[in-house]
Amino acid sequence: MSENNNLQRGLNTRHIRFIALGSAIGTGLFYGSASAIKLAGPSVLLAYLIGGAAIYIMMRALGEMAVHNPVSGSFGHYATKYLGPYLGFLTGWSYAFSMLVVCLADVTAFGVYMGLWFPDTPRWIWVLGIVFFIGALNLCSVKVFGEIEFWLSLFKVTAIVAMIIAGGLILIFGIQLNNSSNSATGLSNLWSYGGFFPNGISGMIASFAIVMFAFGGVEMIGVTAGEAKDPKSMLPKAINSVPLRILIFYVLTLFVLMSIYPWINIGNGGSPFVQIFSGLGISSAATLLNIVVISAAISAINSDIFSAGRMMYGMAQNKQAPAGFAKLSHLGVPWMTVSVMGGALFLGVALNYLVPENLFLILASIVTFSIVWVWLMILLSQFFMRLNLNKEEIKELEFPVPAWPYGPLAAIAFMLFIFGVLGWVPETRTSLYVGLAWLALLSVAYFIWIRKPLTKNS
């Protein structure tokens, strides 16, 4: 093991951009979008736009802090510094928990994807195999990790762009394709089946639980600050490019898909992307897309384990996690945190064996609570950091958040609104209870293992 406890700065701008894209453009788009479409219909496009605007403000708030003070541990460190050690403890561990649960959702989706080719093979076998593969991948050096993640992300981004272009050509030239429902292809699909709001405004609001889950991962840019070669230059470029690209990929992709295929037939099984092209009679395209969504799942799991490990590493340095989590291998990787995350993923094997039905939606809603909590803490950390800066220090900020203070305040209100949505929708109400129980458990752990020893020592 390495005696140097500092992470290696082996990530460049190209790596950072695609690591965040790898996490955010994954299962939430390729699989979770089906659940959101069933709830909201075409109005899910508006939900993605509204959620994306709030995410952009959150990203800029994180960017302001990360450029001002680029550290390992990122927003866990900022919450500790600007909101206090208690909320910093809750934020760091909640993020690690959310990344673990989203990994469980992703490995579950991976098993579903493999079912297209091997319908008779139990899902848990595929989940077990991917856990071993991703665990080994994350023990490589950060430069190798960044390069692999770049190519995985580039592959799925290229596939999405090609799909948008192909779908656009179908719409522009009015090409009618044979499909199982014998329905027409065209923009009229966006309002012909119950209107743009087929389930009312309430349906669109209910979809926010899945929509916000889909955006989870963009905050990973802040986590990479500790391993970026030139964070003050790279982070603003990455932050300014990724949110817009994600909005294009989500909104434009779903716009095209719901135009060429009726939304009421989406989500009957598997990835909506694969289902759509299978329904259109393009079997070879469906096979290719299944390869894409499988690579997307691998990419997302890979990124999530990376970010959770780096968060726990930063917390260990702040004495908010076991000291062993700060130990690095000779390749500069926090091997203990990777091992813990990989071991925890075996829970996904057990869950897919015991309760395979509806597992993805349950896990996604639990992730939504945890990740929205983290985003809320990021926004609050930046807000209180600003309040503690004088006018000269504010002028010297190299990457200030736009529309201060109204933008951050609106984003904070939106995150609180999402908690209300989770409690309002019956299918996601359990996630609110699980999330609150998790925060209560963390609170007890903080006062027993962190606060009490500090009180004794003082």
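Start by selecting Gly435, which sits in helix H19 (residues 429-457). Helices here are DSSP runs of H or I with at least four residues, strands are runs of E with at least two, and both are numbered from the N terminus. Gly435 has 3% relative accessibility, so it counts as buried. Buried means under 20% relative accessible area, exposed means over 50%, and partly exposed lies in between (1.4 Å probe, protein chains only).

Before going on, know what you are viewing. This is a predicted model, in which local features need pLDDT of at least 70 and side-chain atom pairs count only at pLDDT 80 or more, while totals for chains, interfaces and linings use all residues. Residues are numbered from 1 along each chain as its sequence is written, and side-chain values use heavy atoms, with hydrogens and water left out.

**The whole chain**

Zoom out. The protein has 19 helices and zero strands. Of its 458 residues, 60% are buried. Take the contacts (heavy atoms within 4.5 Å) with a separation of 6 or more: 82% of them join residues 24 or more positions apart.

Colour by pLDDT, the predictor's confidence in each residue, from 0 to 100. The mean is 78, and 78% of the residues reach 70 or more. Confidence is highest in H18, at a mean of 94, and lowest in helix H12 (residues 272-279), at 63. Where pLDDT is low, the predicted coordinates should not be read in detail.

**H4 and H5**

Select helix H4 (residues 44-68) and helix H5 (residues 74-83). They pack at an angle of about 85°, with their axes 11 Å apart. That makes H4 roughly perpendicular to H5; the term covers 65 to 115 degrees. Axes are lines fitted to C-alpha atoms over the stretch in contact, and angles run from 0 to 180 degrees between N-to-C directions.

Show the side chains. Leu62, Met65, Ala66 and His68 in H4 meet Ser74, Phe75, Tyr78 and Tyr82 in H5. Six residues of this contact are nonpolar, two are polar and none is charged.

Go to Ser98 in helix H6 (residues 85-114). Buried or exposed? Ser98 is buried, at 0% relative accessibility. Leaving aside neighbours within four places in sequence, Ser98 is in contact with Val367, Ser370 and Ile371.

Next, pick Met315 in helix H13 (residues 283-317). Met315 is also buried, at 2% relative accessibility. Apart from neighbours within four places in sequence, Met315 touches Phe89, Gly92, Trp93, Gln320 and Ala321. Ala326 lies 11 residues from Met315 in sequence and 8.3 Å away in space, C-alpha to C-alpha.

**H14**

Select helix H14 (residues 335-344). Thr337, Val338, Met341 and Gly342 are buried there. They cover an arc of only 135° around the axis, so they lie on the same side of H14. The arc is that of the directions from the helix axis to the C-beta atoms.

**The loop between H17 and H18**

Finish in the loop between helix H17 (391-395) and helix H18 (406-424), where Pro405 lies. A cis peptide bond joins Trp404 and Pro405, with omega about -5°. Ala403 is in this loop too. Its phi is near 60°, a positive value in a residue other than glycine. Most residues other than glycine have a negative phi, and most peptide bonds are trans. Ala403 is exposed, with a relative accessible area of 52%.

Methods. Angles under 35 degrees count as roughly parallel, over 145 as roughly antiparallel, 65 to 115 as roughly perpendicular and the rest as oblique. Ala, Val, Leu, Ile, Met, Phe, Trp, Tyr, Cys and Pro count as nonpolar, Asp, Glu, Lys and Arg as charged, and the others, Gly among them, as polar.
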